[in-house]
Each structure stands twice: as C-alpha cells, then as structure tokens.
Amino acid sequence: MRFKSLSDSHTPPSEPDESPSPSPISGTLDFTSLISDQILVLILSNLTKPQQISSCLVCKRWLRISGGLVKSLRLLDWEFLDSGRLANRFPNLLDVDIVQACIISPRNSGICLSNKFVSIHVNSFISDARFIWKPDFLGASLIDRGVQVLAQGCPNLRRLVLLGASRQGLASIANECLALQELELCLCTDLDLKGLSGFRNLQILKLIGSVDGLYDLVISDIGLTIVAQGCPRLLKLELVGCEGSYDGIKAIGQCCQMMEELTLCDHRMEGGWLAALSYCTNLKTLKFQSCKFIDQSPGPDEYLGSCPTLEELHLQRCQLRDKQGLAALFLVCEAVRELVFEDCWGLHNNTFSAASICRRVMSLSLEGCSLLTMDGFDPVVLSWKELKRLKVVSCNNIKDSAMTPELATLFSVLKELKWRPDSKSILSSGLDGSGIWQKGGGSFKI
C-alpha cells in the first residue's frame with residue numbers, strides 16, 4: 001500500500017484507485033480507507049477492550065468492524081434486542097446473556113439487590129410481612145419474540161443464558177442456532193423444558209429452578225425426565241434449586257450416558273436419591289455447592305450402588321452435619337481419586353472418618369473446615385496409601401503440635417503439599433529432624 005504524502009496534497013495521486021477518500025466530517029483525507037477490512041480486523045483485534053470501545057467512535061466503518069469482533073455480551077436493554085439492533089451491531093456473537101434485560105426494575109433506584117445470578121435495582125418498599133419487594137419480569141410472549149429475533153440474527157451462538165423463555169422460545173433457538181453447545185435456563189417450568197428436544201449439539205446445561213429472593217418455580221422429576229429424553233448428548237449438567245428424587249436422577253443416568261460432570265447447588269432432592277447415581281456409568285466429577293443436606297434418607301447400604309468411574313468429589317459451602325447422608329455419599333463415591341472440602345459447616349471428626357472408605361484417594365484439599373481436629377484428620381489421611389497431594393488451609397483446630405511421626409513421614413513422600421491450617425502454623429520447626437526436607441521438598445508450599 002502506498003499512502004499519499006500530506007505535504008504533497010495538491011499533486012494528483014499516481015494511482016487513483018488507491019487514493020484515500022475525504023473524511024465526511026472534517027473534509028481531510030482518510031488514509032485508513034486504504035486499509036482492507038481484513039487488515040483492519042487484525043489491527044483492532046489486538047487492542048484492549050477499552051481501546052476497542054474508543055475506536056468505535058472513529059467512523060461508521062470502524063464501528064461496524066469493531067462490532068464484529070465482539071463475541072460475548074450481557075444484554076441490559078431489552079429494546080436493543082427486540083428492535084433487531086443487537087444482531088446488526090454485533091453480528092458474530094457467540095455468547096449472550098439476556099437475564100438482566102428480562103427483569104423490570106426501577107432505573108433511578110440507589111438500592112441494588114445482588115446474588116450470584118443477577119444484580120438488579122429495587123425500590124425501598126417493604127410490605128407488612130417484612131418481605132423485600134420482588135421484581136417483575138417481562139411476559140413470556142415478549143421474551144419468546146426477542147429470543148426468536150436473537151436466534152435469527154445470531155445463528156452461530158455457542159452459549160446462551162435465558163430467563164422466562166417458554167417451550168416455543170426454546171424451539172426457535174434450537175431451529176436456528178444449530179451449533180449451540182451450552183445453555184443456562186432461569187424461570188422455567190417442567191413443561192417449558194420440552195423445547196430442549198430440538199437441540200442437536202447441546203453438551204452443557206444449567207437449570208436454575210428456584211432462587212431465594214427472586215422467584216420460586218419448581219423443576220421436578222418431570223422436568224428431569226424431559227431433559228434426559230431430549231438431551232442424550234449432555235456432558236455436563238448443573239441443577240440449581242431443583243427438586244427431584246431417585247426417578248429423575250435415574251432417568252438422567254440412563255439416557256445421558258455420556259454425562260461426565262454433575263453439579264447440584266442448593267438442591268431439594270427427596271430422600272433416597274443418592275442410589276440413582278449408580279446409573280451414571282460415565283460420571284467423572286460430582287459437585288455439591290451450598291447444599292443444606294446430602295440425602296436425608298439414603299436407605300440401606302446394599303441398595304446404594306457405586307460410581308466406578310468417578311474421579312473427583314467436590315463439596316463447597318455445604319452443611320455436613322448428617323453423618324448418615326455423608327457416609328452414604330462416600331460409599332457411592334468410594335472409587336474417587338480427588339476429594340475437595342471448601343468452607344463446609346459441620347465437618348467434624350466423626351463425619352470425616354467416613355471418608356476412609358474411599359481408599360483410592362490421591363489428592364485431598366481441606367479449606368475452611370474449622371471443626372476438624374488432628375484426631376480425626378490423622379487416621380483418615382494415613383489410611384490412604386496412594387495419597388500424593390495434600391492441601392490444608394484455614395482449618396484452625398488442626399494443630400502442628402498434635403502431628404504424629406507417621407504423618408510427618410507421609411509428608412516427606414508427597415508430591416505436593418500446602419500446609420496452612422492456621423496463621424500460627426510453624427511446620428518447618430515442628431518437623432525439624434524428621435528428614436522431610438531431604439525427600440522431595442521441591443514441591444512444598446509452606
């Protein structure tokens with residue numbers, strides 16, 4: 001490319017086809033018009049996000065090209081979608097979240113209600129029953145129309161987060177967005193989930209049944225069975241605030257035979273549901289998050305079965321007071337290789353002792369489990385002959401002073417160790433003379 005010199009502006013260009021066009025605003029020559037769209041895309045794609053936003057103001061061409069670089073978007077204004085401007089402005093979107101725009105909230109309020117799903121503005125009204133005002137949502141017909149506009153304008157979507165879409169809205173997404181792989185659904189009922197049957201390549205699904213302070217809807221065994229029959233290719237399933245029982249989880253396990261990861265967050269499952277996990281024959285990762293219980297009535301051990309392919313078990317911010325439910329979980333997950341406990345209330349010596357049945361554990365992570373002491377920690381950890389990685393952080397009742405020589409010897413052969421049970425831990429001096437530093441201490445984090 002040859003650019004015309006500014007100092008030689010009165011001489012005719014040597015090649016008229018490459019001469020820059022005048023700027024429509026200032027009348028000066030626009031030398032960027034000599035740059036092809038392909039090259040300009042490469043240039044703008046190397047800018048930071050704030051710089052890309054500023055570049056949109058240069059001209060309409062830069063606005064169009066920079067809009068094509070945007071792949072992910074969280075919608076805040078419903079009219080922007082409903083009018084069709086979203087697809088025109090950002091034609092190459094792959095990831096869209098429309099939840100925020102589906103909630104009707106006062107724009108001039110200084111009060112913001114936030115949880116892990118959304119942040120919305122609310123007014124200061126409190127009813128006589130002392131319940132904080134709950135937001136209103138757009139109607140299902142309006143949401144379905146907007147979803148259809150989105151599907152037609154952005155057919156290459158890979159991930160989508162929806163709120164309040166009905167069966168018809170989901171069907172329009174399935175018909176237009178054939179490459180969609182990840183879907184998150186809020187404010188939907190069991191029957192709405194029938195629209196999932198048209199998704200051919202859906203691999204990751206998150207169902208949010210009920211959210212405290214936002215809405216109360218039920219996703220039960222009916223919905224889980226519909227999901228199982230309509231999405232046989234699922235690899236990951238996350239159930240948030242969902243009800244159900246043995247039948248729903250069994251249907252998931254029997255139909256979704258490729259599923260490798262199952263997450264339950266604040267679940268409301270009926271007693272006995274744990275036994276259905278044995279039908280998930282390819283399950284590799286099982287996660288519990290913010291659950292008030294595991295299984296209130298797991299039933300006899302001989303009916304629980306097991307998950308022979310399970311590799312990871314994560315328990316995060318859960319209440320683990322019920323030893324029977326936790327023991328049943330460890331029995332089902334006895335083949336697990338990695339155990340993670342994070343900020344779990346009620347995990348004490350008696351409940352943790354049930355984990356000794358998991359004899360193949362290679363990695364243990366304990367964080368924020370303040371009730372557990374060395375009396376319960378030591379015998380369980382020493383029973384795991386294949387243990388290679390250990391992390392203990394913010395477990396204040398596990399003391400260096402109570403460490404046994406056997407545990408110190410185990411530490412010397414671990415591949416990875418992070419030991420910060422409390423702020424006063426002095427492991428280096430407590431293990432002085434044990435020889436721990438002479439045997440593979442390169443991976444230690446003290």
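Modeller: This is a predicted model. The pair consists of helix H12, residues 374-383, and helix H13, residues 405-413, whose axes come within 10 Å and cross at roughly 50 degrees. An angle between 35 and 65 degrees is neither roughly parallel nor roughly perpendicular, and H12 and H13 are therefore oblique to each other. The crossing of H12 with H13 is left-handed. On the H12 side the contact is made by Met374, Phe377, Asp378, Val381 and Leu382, and H13 contributes Glu406, Leu407 and Leu410. Sorted by class, this contact has 6 nonpolar and 2 charged residues, with no polar ones.

Now the cysteines. The structure holds 0 disulfides. A disulfide needs two cysteine sulfur atoms within 2.5 Å. The sulfur of Cys256 has its closest cysteine sulfur in Cys255, 6.2 Å away, which is too far for a bond. Cys358 is in no disulfide either, and the nearest cysteine sulfur, in Cys333, lies 6.9 Å from it. Both residues are shielded: Cys256 counts as buried at 3% relative accessibility, and Cys358 is buried with a relative accessible area of 0%.

The strand residue is Gln289, in strand E18, which spans residues 285-289. Gln289 has a relative accessibility of 17% and counts as buried, because the cut-off for buried is under 20%. Leaving aside residues up to four places away in sequence, Gln289 touches Glu238, Thr263, Leu264, Cys265, Asp266, Gln316, Arg317 and Cys318.

Conventions
Residues are numbered from 1 along each chain as its sequence is written. This is a predicted model: local features need pLDDT of at least 70, side-chain atom pairs count only at pLDDT 80 or more; totals for chains, interfaces and linings use all residues. Side-chain values use heavy atoms; hydrogens and water are left out. Buried means under 20% relative accessible area, exposed over 50%, partly exposed in between (1.4 Å probe, protein chains only). Helices (H or I, at least four residues) and strands (E, at least two) are DSSP runs, numbered from the N terminus. Contact means heavy atoms within 4.5 Å. Axes are lines fitted to C-alpha atoms, for helices over the stretch in contact, and angles run from 0 to 180 degrees between N-to-C directions. Angles under 35 degrees count as roughly parallel, over 145 as roughly antiparallel, 65 to 115 as roughly perpendicular and the rest as oblique. A crossing is left-handed if the near helix is turned anticlockwise from the far one by less than a right angle, and right-handed if clockwise. Ala, Val, Leu, Ile, Met, Phe, Trp, Tyr, Cys and Pro count as nonpolar, Asp, Glu, Lys and Arg as charged, and the others, Gly among them, as polar.
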